[in-house]
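Colleague: Could you give me a close look at one part of this model, the strands and the ground where the domains meet? Please spell out your cut-offs as you go.

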Amino acid sequence: MFCGVPGCRVFQTVFNVGAKVLPWRRAVPVTGSGAVAKIPGLLGQLGVARPMVVTDRGLMESGTAGVVLGVLEDASVRYALFDRVESNPTVNTVNCIAEQYRAQRCDGFVALGGGSPMDAAKAAGARAVFPNKTVNQLGGLLRVWKKIPPLVAVPTTAGTGSETTIAALITDGETRHKYAIMDLHLIPTYAVLDPDLLTGLPPAITAATGMDALTHAVEAYLCWTYNTAESIRFALDAVKGIFANLEKTYNDGNDKGARMAMLEASYNAGFAFTRAGVGNVHAIAHTLGGLYDTPHGIANAVILPVVLEDYGERVFKKLSALSEAAGIARAGASDHEKARAFIGAVRGLNERMGIPRGFDFIKDEDIPRMIAWADKEANPLYPVPVVYGKKGFARIIQRIRR
Ligand SMILES: [Fe+2]
């Protein structure tokens, strides 16, 4: 229906008009060292007497989940627990959570983890209010038109932004297609940003998730049309915070000041992209997550500089502004030079944090569906600075192969 560049731009222009009247909001941030102690009080304010905690095995084994469960137990909160969310949550997992939620008569969620547990809890919340719809039927934009149960998001990484976004990324376990449910009702009620939960995060996960946050901020800032003054400010603040703090947290996981700054940057980037959209980098990254379980942040980190370089002079001015926000712009340099410096700085971050330059596992036979999925995800919805057709996606996929 919306074909080619003109069709995409018509869709985005019309969508932008509609988006202005939507009731946008942010998850209320509850921040600082020890902020998790406030969770029982937040649940009380929301009238949640029987929360379901959604988390993953890694957080159970590391003891991070135990900190939050201990807070609930100390406050005599009777919770249900689902602790088996996988790195790319599947439809089956969402259905299991929704079923347990119903069977145990829960009335709200505490989503504890990186993007995966938060996304799984959001999708299960949607299933809870639409028990007769499948997860696939809820996929896409604005199909959850009812309030979901209250959701307190507790990120244990600084990157996904899911604690304040409209999106839940779910993978169809049979086709391996990873897709988004996007609706304003999925925005969590509270985002508890506690740096104490992140001090044990391994450097590799710190790096990957931080690069995800950077990709959110950059793609939102490069947005062709949905940006607002607020989303622009949040994107710039996020870029500034990430360049100032990501490597600090990579090199010293116990630096709570830097961890807090990264949590705030991730939250800011999350708001920026939930309002202004992501772009072609994410569209390709999701295909790698679905097909090969590639960590989302690693996929973004590898693809981001390749796509920025491919956009060329069409994004020089905006990349120049990002270069200034990041504090890497040389005084007196041209937009072109500042843009190149920004792309170089992204590559430098990747290199110093051990992120590969490309992937050797992309199979020839998978490429046609990667192109089709990326095209379907990005067009016409994503307000990208350069609309890729199938050839554009194919070009980038070839360039990230090693
Ligand atoms: Fe992302």
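Modeller: Happy to! Two strands count as paired if DSSP finds at least two bridges between them; strands (E, at least two residues) and helices (H or I, at least four) are DSSP runs, numbered from the N terminus. This is a predicted model, in which local features need pLDDT of at least 70 and side-chain atom pairs count only at pLDDT 80 or more, while totals for chains, interfaces and linings use all residues. Residues are numbered from 1 along each chain as its sequence is written.

Let's start with the open sheet, where three strands follow the order S5-S8-S7 with mixed pairing. Strands S5 (140-141) and S7 (167-171) are at the edges with a single partner strand each, so one side of each has no neighbour in the sheet. S5 runs parallel to S8 (residues 178-182), joined by two bridges, and Leu141 sits opposite Met182 of S8.

An automatic or database domain assignment sets the bounds, giving domain 1 (32-198) and domain 2 (203-399). Their C-alpha centres are 25 Å apart. Across the boundary, 27 residues of domain 1 are in contact with 29 of domain 2, contact being C-beta atoms, placed from the backbone, within 7 Å. On the domain 1 side, S7 and strand S9 (190-193) each supply at least two residues, and S7 gives the most, with three.

Now for strand S4 (residues 108-113), where six of the six residues are buried, that is, with 20 or more other C-beta atoms, placed from the backbone, within 10 Å of their own. Gly108, Val110 and Leu112 point one way, while Phe109, Ala111 and Gly113 point the other. S4 runs parallel to S2 (residues 51-54) over four bridges, with Val54 as the bridge partner of Ala111. Strand S6 (residues 151-155) pairs with S4 in the parallel sense too, through five bridges, and here Gly113 stands opposite Pro155.

Val54 turns up again in the largest nonpolar core: among its 135 residues, Val54, Ala217 and Val239 touch the most other members. Such a core is a set of buried Ala, Val, Leu, Ile, Met, Phe, Trp, Tyr and Cys residues joined through C-beta atoms within 7 Å. Helix H10 (residues 256-276) is the biggest contributor, with 12 residues. Both domain 1 (32-198) and domain 2 (203-399) give residues to this core, so it lies between them. Leaving out residues up to four places away in sequence, Ala217 touches Ala235, Ala238, Val239, Ile242, Ala269 and Ala272.

Key
Contact = placed C-beta atoms within 7 Å. Buried ≥ 20, exposed ≤ 12 C-beta atoms within 10 Å, placed from the backbone.
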